[in-house]
Structure formats: structure tokens, C-alpha cells
Amino acid sequence: MQKIVVVGGGAGGLELATFLGRKLGRKRKASVTLIDRNQTHLWKPLLHEVATGSLDDGVDALSYRAHAKNHGFSFQQGSITALSRQNRNVTLAPISDDDGTLLVSERKIPYDILVLAIGSKSNDFNTKGVAEHCIFLDSPEQAHRFQKKMLGLFLKFSENRTSPDLVELQQKLPLVDPNNVNIAIVGAGATGVELSAELYNTAKYLSSYGYGKIDNSCLKVTLVEAGAKILPALPERISSAAHYELQKLGVDVRTNTMITEATENGLLTKDGDNIKADLMVWAAGIRASDVTRQFDGLEVNRLNQLAVKETLQTTLDDAIFAVGDCASLLQKDGKAVPPRAQAAHQMATTCGKNILALLNNKPLKAFTYYDHGSLVSLSRFSTVGSLMGNLMKGSMTVEGRIARFVYLSLYRMHQVALHGCFKTGLIMLVGRINRFIRPSMKLH
């Protein structure tokens, strides 16, 4: 029986493992194994909502083991450290608990066909102090860390504001600015822009949850972008619309601003300015993990992404595929397929069909990326974006409820790929019920 191993349970990897499990695993035509370092899956574009407490990942996260049982594949928890193309196996690091007690020893997982879908992480460009003082929103764990620090800042702020001895308390509970909670976000891509807006939604609710008299005026968010505009990958009209909406909320948007260093109390710019901040997030640029350079000589680019052919097979080994953010594929226009959720979804679909073709000795199809547009959610305040398709030439700008509906539809498409239409409908129903029986924010 052929052994198919998928490493990485992000959007593309999990959808692919689910597809192969249904097509092959259930029918015992192949053994399908998914590997991921975490026990649960959460759609990465939702991490900014986890970070602000707008989304409870304890409710929305999906268990890999339970999903594997229901869809004909197996799951192995672990982090890949190396692969051997000659022996056709991948090495997984040992697993220890919080006390350092060894739970699982190093393992080698054999494969006949391997799919690498390990995603990407934030690129700090080796900027001084970033690793020590900034938070990256690459995983639920990092999002939880941000939320804990954010709630602590608002708690200190509310305590300072209500204390009769502000000077003494400010010395005990220092804030860079006792009149505001200062949060700086570096990188005005989708993550940075959406997080900026979501923070103002959070401030709105905190007062009702016992954090004192907190409103938008207490929050100062600075969004920093090295380029000339926010959302640099999107058309000018969408970028301008988002910029206008953020400024209405109160976000201090700074374009053409290069960060040279992060310190304990803020960010230093190339022009010599000091952006004071109690909490800093780095969301500028992406790169694949350095571990790809340990993948037995597979071709990688300067961002550690794996070079693939149009069939999504790696350039040096036809038994190894790569999909999602960790894959580098140039399109016919010379541009690389962008690291977006819709690209990972499309790659997973093509890769699944090509693996079936490979097993049946049929020709593989070339991957073609279709840009269906981009949407950015500014929390409950607005949604802006563009839609592209066969019914129109170029793109159409959308805002408001229509844009919000399409934005949510992207997540529903991911859920349908994993659960099918009926179960996704039930999930949507439960979500609506939870809006009435659960708090508006997760506060723990």
C-alpha cells in the first residue's frame, strides 16, 4: 500500500489530507498520514481575532485526531527536522511536556509520496530587537500571548486611571503613556490592518466587562508600513479606502517608515523617530522556516520557500510536492503565486488530483492560480476589497455588507472542504446560537 505523508496542517495541508483520506484512505487504496506540531487547526486568517479575544479558538479550533478518524487518514504530532530522499522518510523531533519530561522520542516516518505544506512565518529581516520585544501572529500560541499582554495593559490602565495616587501607581505599574494604551503594529498587510481595526472593537467591549471607563480614546494604535501605502499587494483604490477607514477609527497610519530597532519601550525608525509602545506586533513580510534548508538538497529560494514545477512537484524530486506559503512557483507573467489562503486552497485541490493521477499512471496537470480578489475586514466597522471573475473585466471594488458576506464566504469554503455542506451548515447554526449564549469576547 502506498504511503502518502502530508507535513503541515494549515489550510492547504489539512484540506489535502482530508481529500486524500476520503478518496484513498477510506477505501484502503493508500495510507494517508498528516503531520503537524500542534494538536488543533485554526484558519490562519482568523488569528488576529483570537489575539483580541473576538474569537474563542477553544470553540472554533478543529482537532486533528478527531478529524483524521472521521475522514480516513491518520495523524502524527511532531515537528519535522529533516528528510531523507534516498531512504524516503522524514524525521520528527522528540516531544516533551512543560516540565521537560520526554513524551515521544525522535521518529522517522516513511513515505512513498510526500507533500510539504509547512506554511510560513513572519520575516523580521534581522531587525535588531524584534525577536526579543515584538510578538508575531503566526500561531494560536502567539495570539494567546498577545491577548494576555493586551488585557494586562488595559487592566493597568484602568487601575492607574481610578487610583487616587496616580504618580505612585504609575511607578509601580509603568506605561509609556499613562493617558493611553499604546500598541504598535509593524506591517500594513492584511494581518496588520485587520488587527488594527479589531483592537478598537475590543476597546469598545472592555468597559462593559469591568475594565473601567475604557473607550476608543484610551487606545492609541500606530500602524507602520515601510512602503508607500498600506495593503501594498492590493489595488490603490482598496488601499485608500482601508486607509481612510482606519484613520476614522483613530489609527495613526505611518507609511514610508522603516523600523531599524525594537526596544522595550517602542520602535526606532530610520528617520530617528521613537514610536512609543507598550505592546508591539511584527507582521511585516513572510518567509518559510529555515528547516527547508535541511531537506536533503531540495531547491529553495532566499525566503526558504521550496521551488516547485507547474505540477507542484519539487524541482529535484517528483515524489515530493509542496503547496501553500512554503512553495515558490512562478506564473506565466513572471510573478510568484502569492502567499494567500485562496492560493493554498487552489494548490491543495490541484495537488490532490495530481497525486491521484500519479498513482494511476496518468499525466499530471499544471497548476494555474486564479486571483478571485482580496478582501480585508475592519472588524464590525467595515469590509473593503475587490472581486475578480469571468463576469467582469479587471476587478470590481466592493464595500460594506456585500464585502463582509464574501469575506465570510472564504472561510465557509474552507469549512466545506473539510466538513462538507451539511456539517458546515450546522456549524454556522451553532455559531449564531453562541452569539446569544456566550460573551462577546474571550477574556481568559
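This is a predicted model: local features need pLDDT of at least 70, side-chain atom pairs count only at pLDDT 80 or more; totals for chains, interfaces and linings use all residues.
**View 1. The salt bridge between Glu-261 and Lys-128.** In this view the side chains of Glu-261 and Lys-128 meet, with a distance of 4.0 Å from N to O. Glu-261 belongs to strand β16, which covers residues 259-263, whereas Lys-128 sits in the loop between β12 (121-122) and α5 (130-133), so this pair ties together parts of the chain that are 133 residues apart in sequence. Lys-128 is exposed, and its relative accessible area is 56%.

**View 2. The salt bridge between Arg-287 and Asp-290.** Here the closest N and O atoms of Arg-287 and Asp-290 are 2.9 Å apart. The two partners fall into separate classes of accessibility: Arg-287 counts as buried, because its relative accessibility of 18% is under the 20% limit for that class, while Asp-290, with a relative accessible area of 42%, is partly exposed.

**View 3. The salt bridge between Lys-309 and Asp-318.** The side chains of Lys-309 and Asp-318 come together with an N to O distance of 2.6 Å. Lys-309 has a relative accessible area of 31% and is partly exposed, and Asp-318, at 42% relative accessibility, also counts as partly exposed.

**The views in context.** The pairs shown, Glu-261 with Lys-128, Arg-287 with Asp-290 and Lys-309 with Asp-318, are among the six salt bridges counted in the model.

Key
Residues are numbered from 1 along each chain as its sequence is written. Side-chain values use heavy atoms; hydrogens and water are left out. Helices (H or I, at least four residues) and strands (E, at least two) are DSSP runs, numbered from the N terminus. Buried means under 20% relative accessible area, exposed over 50%, partly exposed in between (1.4 Å probe, protein chains only).
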